[in-house]
Amino acid sequence: MTLRDIAKKIFFLEILKGLALTFRTMINHPVTRRYPKVKRDPFPGFRGRHAFVRDPETGREKCVACLKCSIVCPSRCIRVEYKETEGERILERYEIEALRCVFCGYCAEVCPVCALVLTEVYEYADYSREHFLFDREMLLKNWDDFSSGLKTDTYFNKFWRLEGIDIKRMPVGKRLQEPIPIKHEEKVTL
Amino acid sequence: MEQMEIEKDLQTRELTLNMGPQHPATHGVLRLVLQLDGETVVKCTPYVGYLHRGTEKLAENRTYISALPLMDRLDYISSMSNDVGYCVAVEKLFGIEAPERAKYIRTIMSEMTRISSHIIWLATHALDIGAMTVFLYSFREREWLIDLFEMTCGARLTVSYPRIGGVRCDVSREFLDSLYKFTEEFPKRIEEYETLIDQNRIWLQRTKGIGVISARDAVHCGLTGPTLRGSGVSYDVRKHEPYDAYPFVDFEVPVGENGDVYDRYRCRMEELRQSNRIIRQCIEKMPDGPILADDAPDLDMPPEGRKRLIPDMSLSHACISLSDECEHITPAGEFYSPTEVPKGELGFYIVSDGSGMPYRMRFRSPSFVHAAALPRLCKGHMVADVIALIGTIDIVLGECDR
């Protein structure tokens, strides 16, 4: 053991070094946020609560009941019922069990008409299980909630047309999809 | 001699102690049944299976591409590496080669995961042993990486980002800029962690000479990853069976000498530096181009191939009928594909019957094998050292129980 080692041992040098670091950090700017008061906006394309896009022309959902989302879903949480009249499918029931969902975003990605979207809403805790069984009306309501909070005039989800993927791999509906215009209710100021 | 006689008179007996499954230091739901003589561990028996979700069975009922989100949940703190490992395996089955850019992106993502997994390991391991500050500092850097994941793929933990034959979407310019800034900053942060614990006398006393396992024993136990390399065996799947962009980057495989807790800690700290180096090289070398192979399967790939047509030549049925046999989507057969995840070697053994779903899939998960080495490591140590030993083998019970 050299003299240096003995000095280290006696004067707690390595511990003092560590303490110096913690004291330096104490006067730095904090990295934490005071969460419920200060919120961080999620990045665009965050996979949060599900919603049906409200078609600006018809005011209804755009779903064509192709069943692709329910087939591709890894947790099998999407249930679709439809009736077929004159070669056209009419959506009768659409349900997403949000508690079983794993938020992989496959449904939004595979949808050929960009009807389904995982919105950037992440605070939707509730006391009862029934509120997490999203049916058609609920999904449309989710969209209204989400779109009213948007600051931009149009909305285009990242997963509808993923960056870098060859457009030839996508169905026509996705290729032609344009950003959804968002109507903002004008606030009346007195 | 006197001590022995006293013990003989007192007729001491062994105590059975249940540690876990709800013990905060068992990193999940690991249950250890310890046979104690005083404070010395005579026998340690790990019980696993409290987090069993049947991932292997679930994967049999899903197409190869739909089974990918299940792999996120194996080792949930390094989900990107698991996904990459799964994609590498399934690409071998399909005979697809991912494009160059996708390979680089996947390498970057794997190494980011390695950093985030190792710093969460360091944080919890240090917290178990009693160093609280490292825990807080480590989460600061982890947050940066997780934000970067969120920027790319929209999820922070269970990413589902890689895709069979490439990746899901391209990385943005801001992502690469921010990540490059991270790689410039991160070596300083590693030094901070080392200032706090590397020479700290309490840390040294708790880690040096604890849980020594020789190179020979470590290989026999089937240990992999930094847990094996701490004993001085230089085995790394990234070097020995390179996949993705690892053949194109320059990095070293750090090894320890003594095979104790301290050496494994040093190994992982050096790995953080090497991962940082790999990310830098990948960003610098990143080529342009497509990110998904042309023959990659679509998201809605069929679970089985089309039915074969068989022309019926008999006179009574002059028509074409469908046979029960389906065309093969994938080649039938079985194979094993290893990848290096932060914990060790994650292998996928896939048995394919030609359909779009695996006939059987088995994971060789490092955590399970490492948990099996616990009895050998714990024997003869104190109860307090068991905590250090659970930390050093770096297990995640989600992967162990699957």
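Author: Setting aside its neighbours within four places in sequence, Cys107(A) is in contact with Cys69(A), Val72(A), Cys73(A), Ile78(A) and Leu116(A). Two residues are in contact if their C-beta atoms, placed from the backbone, lie within 7 Å. This is a predicted model: local features need pLDDT of at least 70, side-chain atom pairs count only at pLDDT 80 or more, and totals for chains, interfaces and linings use all residues. Residues are numbered from 1 along each chain as its sequence is written, while chains are lettered from A and ligands numbered from 1 in the order in which they are written.

Reader: Which residues have the most contacts inside the largest nonpolar core?

Author: General idea to begin with: in soluble globular proteins, nonpolar side chains tend to be buried together. A nonpolar core here is a set of buried Ala, Val, Leu, Ile, Met, Phe, Trp, Tyr and Cys residues joined through C-beta atoms within 7 Å. A residue is buried if 20 or more other C-beta atoms lie within 10 Å of its own, exposed if 12 or fewer, and partly exposed in between. In this model the largest core has 131 residues, and Cys107(A) and Val134(B) have the most contacts inside it. Its largest share, 13 residues, comes from helix 5 (residues 100–129) of chain B. Helices (H or I, at least four residues) and strands (E, at least two) are DSSP runs, numbered from the N terminus.

Reader: Where does Asn157(A) sit, and is it buried or exposed?

Author: Look in the loop between strand 6 (154–155) and helix 6 (172–176) of chain A. Asn157(A) counts as buried because it has 26 C-beta neighbours inside 10 Å. Beyond its neighbours within four places in sequence, Asn157(A) is in contact with Gly45(A), Ala108(A) and Val117(A). Asn157(A) and Asp55(A) are 102 residues apart in sequence and 14 Å apart in space, C-alpha to C-alpha.

Reader: How do I read the place where the two chains meet?

Author: Count the residues on each side: 30 residues of chain A are in contact with 28 residues of chain B. On the side of chain A, the elements that give two or more residues are helix 2 (13–26), helix 3 (68–72) and helix 4 (106–110). Helix 2 of chain A gives the largest share, six residues. By class, that side has 16 nonpolar, five polar and nine charged residues. For the classes, Ala, Val, Leu, Ile, Met, Phe, Trp, Tyr, Cys and Pro count as nonpolar, Asp, Glu, Lys and Arg as charged, and the others, Gly among them, as polar.

Reader: How many helices and strands are there in chain B?

Author: Chain B has 16 helices and ten strands. Its C-alpha atoms fill a box of roughly 100 × 55 × 35 Å along the principal axes. Of its 402 residues, 50% are buried.

Reader: What about sheets: in which order do the strands go?

Author: Strands pair if DSSP finds at least two bridges between them. In chain B, three strands form an open, antiparallel sheet in the order 1-2-3. Strand 1 (15–19) and strand 3 (40–47) each have a single partner strand, so one side of each is left without a neighbour in the sheet. The twist averages 20 degrees from one strand to the next. Strand 2 (residues 31–37) of chain B pairs with strand 3 of chain B over seven bridges, and Val33(B) has Thr45(B) as its bridge partner in strand 3.

Reader: Last one: at what angle do helix 5 and helix 15 of chain B pack?

Author: Two packed helices are described by the angle between their axes and the distance between the axes. The axes are lines fitted to C-alpha atoms, for helices over the stretch in contact, and angles run from 0 to 180 degrees between N-to-C directions. Helix 5 and helix 15 of chain B pack at about 175 degrees, with axes 9 Å apart. They are therefore roughly antiparallel to each other; angles under 35 degrees count as roughly parallel, over 145 as roughly antiparallel, 65 to 115 as roughly perpendicular and the rest as oblique. Thr124(B), His125(B), Asp128(B) and Ile129(B) in helix 5 meet Ile387(B), Ala388(B), Gly391(B) and Thr392(B) in helix 15.
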